[in-house]
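I opened my notebook to look up a few things in one protein model.

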Amino acid sequence: GGGGGGGGGGGDGKGARRSLRLQLVMEYPLHKRIEAMEVLRIPGDACDSLALGFAHAQISVVDLDMRTYQLRTRSLHDYSHARPTRAPRLLRPPSRPTLFASDPAQRCLCACVNAADLVVL
């Protein structure tokens with residue numbers, strides 16, 4: 001039988017399939033809808049961090065505390081009050097969700113906020 005992967009399960013592949021199953025460990029209610037999400041690897045940290053982008057150019061970076069299974073806020077960033085663009089109102093791009101991109105090693109995050117501002121974290 002094609003169990004794929006090695007180890008465990010008595011040779012019939014069933015044990016390997018059981019160990020790969022996802023199950024809900026925790027869930028967290030949020031106060032706003034997530035518009036963007038990106039994984040970050042902060043040097044020296046044992047676990048990855050998660051950058052969450054929300055409406056109105058707000059960004060939160062959170063970590064999972066593996067001892068308590070709680071989310072811990074690492075940083076909050078609010079660019080909703082950034083200086084407005086100098087372009088005339090008719091030439092301004094329409095409001096768009098925050099866009100995220102990270103470098104291949106996921107060490108830094110670039111975010112396009114307010115449809116025209118670039119933020120590097």
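My notes follow, going from the overall layout to single residues.

**Entry 1: ground rules**

I am working with a predicted model, where local features need pLDDT of at least 70 and side-chain atom pairs count only at pLDDT 80 or more, while totals for chains, interfaces and linings use all residues. Residues are numbered from 1 along each chain as its sequence is written, and side-chain values use heavy atoms, with hydrogens and water left out.

**Entry 2: layout**

I looked up the secondary structure and found one helix and seven strands. For the record, helices (H or I, at least four residues) and strands (E, at least two) are DSSP runs, numbered from the N terminus. Along the sequence I read the pattern α-β-β-β-β-β-β-β.

Next I checked contacts, meaning heavy atoms within 4.5 Å. Of the contacts between residues at least 6 apart in sequence, 31% join residues at least 24 apart.

**Entry 3: surface and burial**

How much area does the protein expose? I noted about 9200 Å², with carbon and sulfur atoms supplying 56% of it. Accessible areas come from the Shrake-Rupley method with a 1.4 Å probe, and for residues only the protein chains shown count as cover.

I then sorted residues by burial: buried means under 20% relative accessible area, exposed over 50%, and partly exposed in between (1.4 Å probe, protein chains only). Buried residues come to 21% of the 121 residues here.

**Entry 4: the core**

I went looking for a nonpolar core, which is a set of buried Ala, Val, Leu, Ile, Met, Phe, Trp, Tyr and Cys residues joined through side-chain atoms within 4.5 Å. The largest one has 11 residues, among them Ala-36, Leu-40, Ala-51, Ile-59, Phe-100 and Val-119. Strands β1 (34-40), β3 and β6 (109-113) each put in at least two residues. Strand β6 gives the most to this core, with three.

I picked Ala-51 to see what it touches. Leaving out residues up to four places away in sequence, Ala-51 is in contact with Ala-36, Met-37, Glu-38, Leu-40, Ser-60, Val-61, Phe-100 and Leu-109.

**Entry 5: salt bridges**

How many salt bridges does a search of the whole structure find? I got six. The rule is a side-chain nitrogen of Lys or Arg within 4 Å of a carboxyl oxygen of Asp or Glu.

I looked at Asp-45 and Arg-74 next, whose side chains meet at 2.3 Å, N to O. This pair links distant parts of the chain, with Asp-45 in the loop between β1 and β2 (49-54) and Arg-74 in strand β4, 29 residues apart. Asp-45 is partly exposed at 32% relative accessibility, and Arg-74 is partly exposed at 34%. I also noted that Asp-45, Asp-63, Arg-72 and Arg-74 are linked in a network of salt bridges.

Two other pairs went on my page. Asp-48 and Arg-41 form a salt bridge, with their closest N and O atoms 3.3 Å apart. Arg-67 and Asp-65 meet in one at 3.7 Å, N to O. Arg-67 is exposed at 75%, whereas Asp-65 is partly exposed at 21%.

**Entry 6: cysteines**

A disulfide is a covalent bond between the sulfur atoms of two cysteines. The rule I used asks for a pair of cysteine sulfur atoms within 2.5 Å, and by it I count zero disulfides. Cys-110 itself is partly exposed, at 27%, and so is Cys-47, at 35%.

**Entry 7: two loops**

His-56 has a phi near 65° and sits in the loop between β2 and β3, where it is exposed at 58%. Tyr-69 has a phi near 55° and lies in the loop between β3 and β4.

Met-66 is found in the loop between β3 (58-65) and β4 (70-78). Val-25, Met-66 and Tyr-69 form a nonpolar surface patch with about 300 Å² of accessible area together. Patch residues need over 30% relative accessible area and no salt bridge; like charges are joined within 9 Å, and nonpolar side chains (Val, Leu, Ile, Met, Phe, Trp, Tyr) within 5 Å. Met-66 has 43% and Tyr-69 has 39%.
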